[in-house]
Amino acid sequence: MNALLAAAGIDPWIAICSLVTVVITVGMGFWTAGKSKSAGDFFVAGRSVSVGWNASAISGEYLSAASFMGVAGMVMLNGYDALWYPVCYACGYLFLLLFIAGPLRRFGAYTIPDFAEGRYDSPLFRKIAVCFVLFIGFFYTMPQMKGAGTTLAYIFPGLHYSVGVIVVGAVITLNVSLGGMKGITLVQAFQYWLKVFAITIPIFVLASIVGHYQQHLEANKTAQETVAAAPAGIERKALTAKAPKDEQWIAPFGSLTTKAVDNAIKAAKTPEEKAALEANKKPYSLLYTYSLIIALVCGTAGLPHILVRFYTNPDGVAAKRTTMWVMILIGVFYVFPPVYGVIGRSLMPELYEAIGSKGTDKVVLELPTLLAGRDYPLLGSVLSGITCAGAFAAFMSTFSGLLVSMSSALAHDIYGRMLKPESSPEQRLKAFKWAAVIIGVVSVGLGTQVEKLNINYLVGQAFAIAAASYFPLLFMSVWWRGMTMKGAATGMLVGGLMALGAITLTTLSDVYAVQSLADFWVANPLVRILCEQPAIWAVPLAIILMIVVSKATASTVPADVRMKMLVLHAPEALGLKQEYIKEHEGLGGH
Amino acid sequence: MSESPSTPDSIHSDAFLARLMRDQLKLSIACALCFVVALVALPLLNYFQPEFMAQRVFGFTLTWLILGVLFFPFVWIISYVFIKRSIALEDAEAKAALDGLTK
């Protein structure tokens, strides 16, 4: 009973740290709101952000609840296989840097739909391209909302998950509709540094008291070791029933990638069936791993809310420099979340038994409270408060960024270009604010539905959709002169929609426990893997379709394709960009 | 280049564009290959050499150390090399083209 009462109480330190983060974020939004006047300020911060600021801001926007909470939770739950997430989140930027960042910046357009229209002179293509900003965006906001619900349910133990989602969603939506992107650059940059501080300091303190990363990893025995060679001084709590076994957890091809086959084995009736499935287990697992890698690496290069930031660089060289700094800033960050997962497995195995917002996704928040049991109760509370503040920074910054790019898509593309092309800048600004409110409400609604799903898993799904739609579009449009609008549209639509469909199917069957689908997955584990991780077929499919259809419609290659390619690839010193923009301003296009 | 670089239109020629794109794409693909080889090889090593990859190095398993720690600096090195060469390439192209124009 005493324990129950204590659990209902709210730790003042944790609540204070979280509140301060929210107040600073909102305050900065209001403070900068007065400074952003024009529509250009609102959409891409007047394109005048320095490399250091922009790299911090991109990193701040990118490090979402999935990175801050989800990676640790997933490493704790699935072990080695989950490490691919942080690594590919960080390294995916390399593809962006190598193939897309510089040329895209030189082209001089606000958003990806701008690029799609400008590259193919096709307003129709803009309408198609804009849809995916919303598809990817909504998939990406769901896990942020789960992060918010989980964190609030942790800080206020009695609070229902969906109340947290609604409160946080409302605060951020208000903030975005008041501040716009100018405010966000500053706030995002600040939040990057807050997140790095919040993930590193607690784990350094914690590890110095309860034992280090590699020591806790050593406590898990591999398949070859008969007993775990736990170093002296490393205590470990007994694993609970639902926790994966050591040798499965620490090795590749563990529970994350073999789940589909394991479910099928459980349902298999004859020993022959079981043996056949066992033989397929590892090859399928390898397939899953590769598909996941493709989704994350290509997906990073196709995220609309990240790409829009590259237009805030002064030129293509700055865009490349920014990308390199982003890789360093986020790479440093991503070393740490798995440490929480590893130590959490040793010392907080009870999280394996809980589901939804009480499960492993909250290990980052709760782990520091272990110190209370080691005679440092105050330190534990303060550090837990710090990780909660980091979590707030994580979902607030990413949700804000998504809200800006989705609202821009609605206000700038759908309202400003399709519905009311003659609208004044003031009207568009107003439309932006309303769009933010509409999207905020929809995101909150979706967020309340996904409590059962893993934060990191959901973000991975958004990446897969981006990888099958925007990545092929950008990559091929930048590097292949023969692309036609029809080819680009066909590839992006078919690849993107099929990936979206496959992912929606798996997500729906997991959230609402559809029995007929569950039976189908059990009977066809390979289909389940290919639907859960569609990148391995959807990305090549999109690219092949682009090539085939473009070849078939080769007569419709834009007439000025050479000029467009020069704008994309020629160094700024040649002054081609200006020429292009003036030309189009004359025509009333850009 | 087939055309004389002294004509003001030289930067608008197909040959200039083709060379520009080819040089930059070559550099990008070379860097991407280093990265892709590592990404493809690590799961394959895990698949075919599980014991080797599971040996302990400073308490980590070898594969955990590579993926969880060493992969990040590896990618930084690739991106640093790319940026340096790519900017040098751009400068050289711009200089060559502008020299051609002012002649």
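Helices (H or I, at least four residues) and strands (E, at least two) are DSSP runs, numbered from the N terminus. The model is predicted, so that local features need pLDDT of at least 70 and side-chain atom pairs count only at pLDDT 80 or more, while totals for chains, interfaces and linings use all residues. Residues are numbered from 1 along each chain as its sequence is written, and chains are lettered from A in the order in which they are written.

**Exercise 1.** Find what span helix α20 (residues 455-468) of chain A reaches, and what span is expected.

*Solution.* The expected span of a helix is 1.5 Å times one less than its number of residues. Helix α20 of chain A has 14 residues, and the expected 20 Å is close to the 21 Å from its first C-alpha to its last. A residue is buried if 20 or more other C-beta atoms, placed from the backbone, lie within 10 Å of its own, exposed if 12 or fewer, and partly exposed in between. Since 14 of the 14 residues of α20(A) are buried, the helix is largely enclosed by the rest of the structure.

**Exercise 2.** Describe how α8(A) and α20(A) pack.

*Solution.* Axes are lines fitted to C-alpha atoms, for helices over the stretch in contact, and angles run from 0 to 180 degrees between N-to-C directions. The axes of α8(A) and α20(A) are 8 Å apart, at an angle of about 170°. Angles under 35 degrees count as roughly parallel, over 145 as roughly antiparallel, 65 to 115 as roughly perpendicular and the rest as oblique, and the two helices α8(A) and α20(A) are therefore roughly antiparallel. Two residues are in contact if their C-beta atoms, placed from the backbone, lie within 7 Å; the residues making this contact include A:Phe139 and A:Lys146 of α8(A), and A:Leu458 and A:Gln461 of α20(A).

**Exercise 3.** Decide whether A:Asp121 and A:Phe253 are buried, partly exposed or exposed.

*Solution.* A:Asp121, in the loop between α7 (112-120) and α8 (123-155) of chain A, has 15 other C-beta atoms within 10 Å and is therefore partly exposed. A:Phe253, in the loop between α11 (246-250) and α12 (255-267) of chain A, has 22 C-beta neighbours inside 10 Å and so counts as buried. Most residues other than glycine have a negative phi, yet phi is positive in A:Asp121, near 50°, and in A:Phe253, at about 60°.

**Exercise 4.** State which element gives the largest share of the side of chain B that touches chain A.

*Solution.* The contact takes 44 residues from chain B and 44 residues from chain A. On the side of chain B, the largest share comes from α3(B), with 21 residues.
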